[in-house]
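Subject: Structure for your review

Dear colleague,

Please find below the sequence and structure that I am handing over to you. A short account of the findings follows it.

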Amino acid sequence: MTPSPAAPADLVITGCTALLHTDDGEGTEFAEDASIAVRGGIIEAIGVGVGLPDAVEHIDARGQLAMPGLINCHTHAPMVALRGIAEDLPTEAWFNDVVWPIESNLTAIDVELGARLACAEMIRGGVTCFADHYFSMDTVAAVVEECGIRAHLGEAFFSSQGTQGREKSLEFALRHRGGADGRITTTLAPHAPYTVDDADLAATAGLAREHGLPVHIHAAENRDQTDTSLARHGLTPIEVLARTGILTGDLDVLIAHGTGIVERDLPVLERAGGRAAVATAPRGYLRFAWPTTTPVRALREIGVPVGLATDGAASNSSLDVWESMALTSLIQKSTEGDPRWLTSRQALHHATLQSARAVGLGERIGSLAPGRKADIILVDLTGPHTQPVHDLAATLVHSARSSDVRTTIVDGRVLMRDRELLTLDVPEIVRELGERLPALVDRSHGRRIQEYDA
């Protein structure tokens, strides 16, 4: 009996140069004239000279580089609606005078439109997964399901909301865990140690353990917060997280920013029983003129993954993780006084596999290999600003731009092909958002959702 031919693959990409991670998982290498076969949202085969099945869809990627999709490890996606509205301000004024008064106006529609615009920006910039920490997150989950991107979502809360805020965060996490055909993972999302009290943090730690959920929280965002915490409590924000159970036991914790992490915090993070990770968003730190940055080298030495992020566009004006990658490399060189650190290959590792580990998806995304999710971007390196190529890693980090991403694929589904978005209508989103902006940005009411005093 003649065996029946194998069913066609869903997608085959040919002729690309592929960024691959080395066996030790700490480096990168490049395979020229590579091919990738995708079936059921999974990479089935990748390499040079691999046998390729017929495919329903074929992409000729000659002149392009295939790499894992970028991961935005900490953002507030709907805040693109506030892009450029709070410029040239110190941190306290940014929060108290502009952002928190405006956020008291938020409706679910505002969040939905902001999330749509943010997802369009990220898909066009090669981001295939983002970790979001915001309000009205049911609407963000619906946008993620519709547009095809991957997301790690948490409903943010303050202690000023009473127990209702914490309960809403838990309900959201349980309701949407595994949603969008597995593209949504969820987390508990207390805002920060300066807006969530010790009792709430301890209760959050208990709920996270009970339900097998991670925690995503701002902590030690800047050095002033650390100094204020020491003056008030005799503990750093990181030590507060340990005291309240967030950084003890087996909890997985994603800490946003961490530019205020000091030497005494490193053993605390190293002893954390679960996965402690940090997300760095360097452009915002420059804009706020914070005197320190995330201590990437020290964290790496104790085995803490550092993922790349943008924060929200209200503080960053951009959701461009490509820029975060370049800035992280450059700022680390300046901070450490060592041009040999952070290298381009190390920066690529932070942008891909370390970022995947930071959001708890290190076994599923972050590298191109058989069995991994087919979250793939194709980058055009034929432009004059990327030629000639002497060092491919350096070209990607320091010469390429997010606009060089030609194709974005998540779970094997093409979300952008040749720069054309296939799942989102940007002109319509911009039109609807524009109609809502006057009511959203009105601060005449004098309210604010919270007080920044850290």
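The notes below take the strands, the cores, a helix pair and some backbone details in turn.

This is a predicted model, in which local features need pLDDT of at least 70 and side-chain atom pairs count only at pLDDT 80 or more, while totals for chains, interfaces and linings use all residues. Residues are numbered from 1 along each chain as its sequence is written, and side-chain values use heavy atoms, with hydrogens and water left out.

Strands

Helices (H or I, at least four residues) and strands (E, at least two) are DSSP runs, numbered from the N terminus. Two strands are said to pair if DSSP finds at least two bridges between them. Buried means under 20% relative accessible area, exposed over 50%, and partly exposed in between (1.4 Å probe, protein chains only).

Strand E1 covers residues 9–21. Because 12 of its 13 residues are buried, E1 is largely enclosed by the rest of the structure. E1 is joined to strand E2 (residues 28–39) by 8 bridges, and the two run antiparallel; Val12 has Ala37 of E2 as its bridge partner. With strand E4 (residues 55–60), E1 pairs in the parallel sense over 5 bridges, and here Thr14 is partnered by Asp60. E1 also pairs with E5 in the parallel sense, over 2 bridges, with Ala18 opposite Ala66.

Strand E5 (residues 64–68) has 5 of its 5 residues buried. An antiparallel pairing of 5 bridges links E5 to strand E15 (residues 376–380), where Leu65 stands opposite Val379.

Nonpolar cores

A nonpolar core is a set of buried Ala, Val, Leu, Ile, Met, Phe, Trp, Tyr and Cys residues joined through side-chain atoms within 4.5 Å. The largest has 126 residues, and Phe130, Leu153, Leu269 and Trp322 have the most contacts inside it. Helix H2 (residues 108–124) gives the most to this core, with 9 residues. Another core, of 20 residues, lies apart from it and includes Ala66, Ala374, Leu378 and Val414.

Contact means heavy atoms within 4.5 Å. Leaving aside neighbours within four places in sequence, Trp322 is in contact with residues including Met67, Leu70, Ile377, Val379 and Leu396.

Helix pair

The axes of H2 and helix H3 (residues 137–147) come within 9 Å and cross at roughly 40°. Axes are lines fitted to C-alpha atoms, for helices over the stretch in contact, and angles run from 0 to 180 degrees between N-to-C directions. Angles under 35 degrees count as roughly parallel, over 145 as roughly antiparallel, 65 to 115 as roughly perpendicular and the rest as oblique; H2 and H3 are therefore oblique to each other.

Backbone details

Two peptide bonds deserve mention. The bond from Trp341 to Leu342 is cis, with omega near 5°; Leu342 lies in the loop between helix H12 (321–336) and helix H13 (344–358). A cis bond also joins Gln387 and Pro388, with omega about -10°, and Pro388 is in the loop between E15 and helix H14 (392–399).

Asp88, a residue other than glycine, has a positive phi near 60°. Asp88 is placed in the loop between strand E6 (70–75) and helix H1 (91–103), and counts as exposed at 78% relative accessibility. Arg419 likewise has a positive phi, near 75°. Arg419 lies in the loop between strand E17 (413–417) and strand E18 (420–421), and counts as buried at 18% relative accessibility.

Yours sincerely
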